[in-house]
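This report goes through selected backbone features of one model. The sequence and coordinates come first.

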Amino acid sequence: MGRTLDSLLARNIEWVRKKTQSDPRFFARMAAQQKPNYLWIGCSDSRVTANDVLELEPGQVFVHRNIANVVHTSDLNILSVLEFAVEHLQVQHIIVCGHYGCGGIERVFAPERGELFDHWLQPVSMFYRKHRAIFDALPPRQRLDRMCEVNIEMQVRRLAATPIVENAWIRGQELHLHGWIYTIGSGLLRDIGPHVSSVAERDLLPSIDLCVQQDTGSRSSSEGEQRSLFEALTEQN
Ligand SMILES: [Zn+2]
């Protein structure tokens, strides 16, 4: 491969050709406006791409991704995306979607710290260290799965605590927060919560410390449920 990415640009032309063939008005429609109803906050992992896993067209989901789908309330990037999505696009749903086997989350178990992304992961690693006895009692794979799930729960709560989301609720805007997890090996998504749709619901959530102390198993063990749903749907089609 040379200095230019001609093969990728050629793929783009092929994509435009196929898209126009199947839907001649597609690009004209896209240029007119975007009206997504969802904001997706996901991991930067190259295998977890919102439009693909949701089978949505361009224009249907507004996307923010970073390592381990962390909601930092000092991150201008995520706050700007959030503000634009909530106040201008008026999305009704925000999905925080993590995934099992997340390399970012795995890093919080490492004894060494000091890379830039250790700063990024600090809230997650501090939470792990606080509840280390609970997490370390699990076998390694389950420990990672559980930490991936808990991280999603933590980030939904952090999102619910932002003034942007809180003000939307106070204004009476319909806005639902969701916590989902993706299994790379099966392609399946699962809703693991929490669901938060108002200030009152947010304030009623038990503390995340309590959740971790009371529920120590990983939900990945219930992946069977998700698979039977998938099989039932496949049989119907
Ligand atoms: Zn990840």
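Is Glu 55 buried or exposed, judged by its C-beta neighbours inside 10 Å? The model is a predicted one, and in it Glu 55 has 7 such neighbours, so the residue counts as exposed. The limit for that class is 12 or fewer, whereas a buried residue needs 20 or more. Glu 55 sits in the loop that links helix 3 (50-54) to strand 2. Its phi is near 50 degrees, which is positive although the residue is not glycine.

Asn 69 also has a positive phi without being glycine, here near 40 degrees. The loop that holds Asn 69 runs between strand 2 and helix 4 (76-88). Asn 69 counts as buried because 28 C-beta neighbours lie inside 10 Å. The table sets out the two residues.

| Residue | Phi | C-beta neighbours inside 10 Å | Class |
|---|---|---|---|
| Glu 55 | near 50 degrees | 7 | exposed |
| Asn 69 | near 40 degrees | 28 | buried |

Five strands make up an open sheet with mixed pairing, and their order is 2-1-3-4-5. From one strand to the next, the twist averages 25 degrees.

Strand 1 covers residues 38-43 and is mostly covered, with six of its six residues buried. Strand 1 pairs with strand 2 (residues 61-66) in the parallel sense, over six bridges. One of the residue pairs between them joins Cys 43 to its bridge partner Asn 66 in strand 2. Strand 1 is also parallel to strand 3 (residues 93-99), and this pairing has five bridges. Across it, Trp 40 has Ile 95 of strand 3 as its bridge partner, and Gly 42 stands opposite Cys 97 in strand 3.

The peptide bond from Gly 193 to Pro 194 is cis, with omega near 0 degrees.

Where does helix 1 lie, largely in the open or covered? Of its 17 residues, zero are buried, so helix 1 lies largely in the open. Helix 1 spans residues 6-22 and reaches 25 Å from its first C-alpha to its last, close to the 24 Å expected at 1.5 Å a residue. Strand 1, by comparison, has six of its six residues buried.

Key: Residues numbered from 1 in each chain as written. Predicted model: local features only at pLDDT ≥ 70, side-chain atom pairs only at ≥ 80, totals over all residues. Helix = DSSP H or I, 4+ residues; strand = E, 2+ residues; numbered from the N terminus. Pairing = 2+ DSSP bridges. Expected span 1.5 Å × (residues − 1). Axes fitted to C-alpha atoms, helices over the stretch in contact; angles between N-to-C directions.
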